[in-house]
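Dear colleague,

I am handing over a structure for you to look through, and my notes follow directly after it. Please read them with the model open beside you.

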Amino acid sequence: MVRVAEPKKRNAMVHFLVRLVKEKPLGTVGAIIVVALLFCGIFADFLAPYPMSEIHLKDRLQPPSVNYALGTDHLGRDILSQIIYGARVSMIIGLSATALTTVLANLIGGLSALLGGKFDLIVQRFVDAWMCIPGLLILLTVMAIVGRGLLQLILVMGIMGAFGPSRMMRSAVLAIRQNVYVEAARAVGCSTWRLFWRHILPNVMYMIIVGFSTSVGGIIMQEASLSFLGFGVPPGTPSWGAMLSQEGRKYMELVPALSLWPGLVLSIVIFGCNMFGDALRDLLDPRLRGGLGRYTTTKAAEKQKKLRGRWWA
Amino acid sequence: MWAYATRRMMLLPVTLFIITITVFGLMRIVPGDVVDLIMVQMTSSESRSREEIIDRATIEHALGLDRPFLVQYGDWMGGIFTHFDFGESLLSGQPVSEMILERLPVTLELSLMTVVLSFLISIPIGIYSAIRQDTLGDYAGRVFAIGMMSIPNYWVATLIIVYPSVYLGWSVQMEYVHLWVDPLKNLQILAIPALMGGIMSTGMTVRLLRTVMLEVMREDYVRTAWAKGLSERTVVLRHAMRNAMLPVVTMFGGVLAGLFGGSVIIENIFNIPGMGRLSLQALVQRDYPIIAALNFIFSILVVVSNLVVDLSYAWLDPRVQYK
């Protein structure tokens with residue numbers, strides 16, 4: 001009797017990680033940075049040498065020393081500790097605002113595309129109009145009414161940021177709606193909600209995942225910009241953007257390192273998030289499946305490289 | 001095409017109405033308004049006797065702030081459409097249209113310079129990255145692109161201002177010189193801010209151009225060009241690049257519209273008297289007419305530039321049709 005070979009069993013998650021490391025070295029670096037951010041954020045209390053925002057007035061504006069690894073700022077706070085606690089703030093804001101944006105964008109875009117007709121038209125007009133309103137204005141209004149705070153910041157950034165991705169989601173769902181299985185589901189009496197949940201959502205899942213990881217970088221950048229302008233986190237909360245803000249500028253001319261470290265860490269974190277999001281997209285996008293995700297086959301590319309005779313280009 | 005354009009333009013008033021009414025309403029809800037600021041100014045600047053200190057209600061009445069909301073809104077919109085009068089600044093009394101006209105050329109110039117510099121840097125890198133795919137040059141290009149998208153431009157601007165002044169004794173010019181006063185000095189002053197403002201869009205352009213170029217290079221007409229024996233330079237520059245530019249132009253339209261809204265951060269850091277700085281000042285001081293006017297102009301610019309970009313697509317690519 002012929003014995004049929006069984007396909008090798010493999011764990012999807014492990015296989016994904018192997019692919020990540022093998023094919024996307026830069027993406028792996030990005031993933032490591034993201035993990036480092038999460039680690040610093042969760043274990044900030046144990047990692048930071050000094051408690052959050054602790055002031056040592058007699059040690060103001062010190063250069064790096066044994067006591068203060070990166071020096072102190074104009075109030076005598078240890079810069080390294082501020083950066084670690086700032087990581088926690090960035091992590092919280094980044095993850096929650098992005099989660100809110102993703103959920104809202106899916107609901108708005110997906111339902112708008114599914115229900116279609118007048119509902120779609122009206123919702124799209126509102127989305128268009130809302131996209132033109134400056135987010136800063138809404139944020140100021142909310143802050144003036146309710147006061148400054150982390151929750152307000154997350155809510156406003158999450159809601160205002162949902163309108164852009166909702167359009168992408170809408171076009172994706174419109175494309176999926178053309179498929180025959182959607183029609184078939186409708187024919188057997190599938191409700192809209194069930195259709196959305198069980199048929200549409202799994203097909204846009206990769207887009208959601210990629211969008212999420214890319215948006216985190218954007219939200220962290222946005223929060224830093226707002227804190228830089230003075231409208232972000234409440235004063236006293238450590239934030240990388242706030243450490244770079246204009247009020248500290250006069251002290252920066254005395255101790256330039258004040259401007260270097262927060263910005264550097266901010267850039268590295270956002271860079272890591274973006275790289276990871278990119279690598280994720282390259283790995284998960286179904287259009288790039290069934291190959292190595294390249295436009296030419298490996299053999300042809302290798303041959304061309306050899307013919308050209310240069311190793312760098 | 002004209003039918004399409006007209007239909008799109010018909011939606012402009014609706015969008016405009018929603019935006020302006022929302023902005024108008026929001027500014028009224030915010031407590032701590034400009035009247036308080038005026039009163040503080042009055043009581044602290046000159047000493048007045050008790051009887052002369054004007055109370056809050058009089059100020060409000062003089063500025064027209066005690067009328068019902070819809071009346072104020074109607075008055076403002078009427079003023080705009082009849083004689084382009086956007087009202088006066090509540091704080092300084094200067095006509096808003098005057099203030100905007102003063103600052104508009106500056107912002108326009110800065111935006112144009114930003115876009116041009118960004119173009120000049122990103123296009124060669126993007127094309128190179130695409131035609132040498134998966135080589136070291138390509139990786140360098142991609143890292144550059146994502147790096148540009150990740151670095152906050154205010155940080156680089158701060159570094160550029162702080163470090164040279166501490167270590168080299170050279171500082172960035174903070175006094176603005178208009179274009180018609182001294183063109184060379186003006187361009188010098190705007191060069192660094194323009195570079196800073198364009199950092200993010202440079203990164204986005206390199207990525208976009210690389211993606212599109214990769215697709216275009218696999219098209220049939222490019223393959224024909226190779227088969228004809230044309231040099232790489234001709235194929236890339238004359239045949240591939242033209243078609244790859246379309247989405248890039250689209251993106252730049254959007255970027256330009258956003259820049260018109262005022263590169264608030266850059267103008268603040270480098271002390272450039274443009275619309276961005278005006279809008280931040282007005283937001284903080286709750287000067288409603290300025291904010292409403294800036295928003296109005298910005299909304300029109302965004303909607304019109306979206307429309308122009310869409311229409312230009314049909315002009316640039318003969319295959320695109322409009323119903």
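**What I found**

B:Leu91 counts as partly exposed because 17 other C-beta atoms lie within 10 Å; a residue is called buried if 20 or more other C-beta atoms lie within 10 Å of its own, exposed if 12 or fewer, and partly exposed in between, with C-beta atoms placed from the backbone. This is a predicted model, in which local features need pLDDT of at least 70 and side-chain atom pairs count only at pLDDT 80 or more, while totals for chains, interfaces and linings use all residues. Residues are numbered from 1 along each chain as its sequence is written, and chains are lettered from A and ligands numbered from 1 in the order in which they are written.

B:Leu91 sits in the loop between helix 4 (69-83) and helix 5 of chain B, where helices (H or I, at least four residues) and strands (E, at least two) are DSSP runs, numbered from the N terminus. Although 191 residues separate B:Leu91 from B:Ala282 in sequence, their C-alpha atoms are 9.4 Å apart in space.

Helix 5 (residues 96-131) of chain B has 36 residues and reaches 51 Å from its first C-alpha to its last, close to the 52 Å expected at 1.5 Å a residue, the expected span being 1.5 Å times one less than the number of residues. Helix 5 of chain B also bends by about 30° at B:Arg103, with a proline, B:Pro105, following within four residues; the bend is the angle between axes fitted to the seven residues ending at a residue and the seven starting there.

Where the chains meet, the contact takes 38 residues from chain B and 35 residues from chain A, two residues being in contact if their C-beta atoms, placed from the backbone, lie within 7 Å. Chain A itself has 14 helices and zero strands, and 35% of its 313 residues count as buried.

As for confidence, the model scores ipTM 0.77 and pTM 0.79.
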